[in-house]
Amino acid sequence: MKLHKPLVSAVMLCVLGAPFAAIAADGDWKRGRVYYRLVWTVCHTTPDGGGKAIAPTSKTKAEWAAYLQADKHNKGKDSLKYYVSKEYRVKVKATNKAAEKYADVPDADLMNDIKAFVIKGAKDGDSPAGCS
């Protein structure tokens, strides 16, 4: 019986931590960082977009996971996935070299890269990250 409690605790820890580990392991966080900083949040740094980039440290891992899962941007007016889509990258590539560089990356791969970056850089992530 003494082994039962530690074993149950270890299993619970693995089960609860697995979703975040899986999210972070699925993508290339370095490519996600480049795309996030130079393409995905660029509209937030313009005066009409609020003038301030959204840092990964603005949310916890759980908050980022919920936000990305909800797929809502601009108060639900459009999809986050649109800003990762090939359609969007083609639209902005003339003025955004990073969008041009990743023009042929599959949408799902790029979204996984962004997820890996924001989970890693979250307030409670492995390497909290700003938007510098």
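In the predicted model, a salt bridge joins the side chains of D104 and K86, with an N to O distance of 3.4 Å. D104 is located in the loop between α5 (97–101) and α6 (107–121), whereas K86 belongs to helix α4 (residues 86–92), so the contact ties together parts that lie 18 residues apart in sequence. D104 is exposed, at 66% relative accessibility. K86 is partly exposed, with a value of 39%.

A search of the whole structure returns four salt bridges. Another of these is formed by the side chains of D107 and R89, for which the N to O distance is 2.4 Å. This pair links distant parts of the chain, with D107 in helix α6 and R89 in helix α4, 18 residues apart. The two partners fall into separate accessibility classes: D107 is partly exposed, with a relative accessible area of 33%, while R89 is buried, at 0% relative accessibility. R89 is assigned to the buried class because its value lies under the 20% cut-off.

A salt bridge is also found between the side chains of K97 and E100, at 3.8 Å from N to O. This distance is within the 4 Å limit, so the pair is counted as a salt bridge. Both residues lie in helix α5; because they are three residues apart there, about one helical turn separates K97 from E100. K97 is exposed, with 65% relative accessibility, and E100 is partly exposed, at 41%.

Key
Residues numbered from 1 in each chain as written. Predicted model: local features only at pLDDT ≥ 70, side-chain atom pairs only at ≥ 80, totals over all residues. Heavy atoms only, no water. Helix = DSSP H or I, 4+ residues; strand = E, 2+ residues; numbered from the N terminus. Buried < 20%, exposed > 50% of the residue type's maximum accessible area, 1.4 Å probe, protein only.
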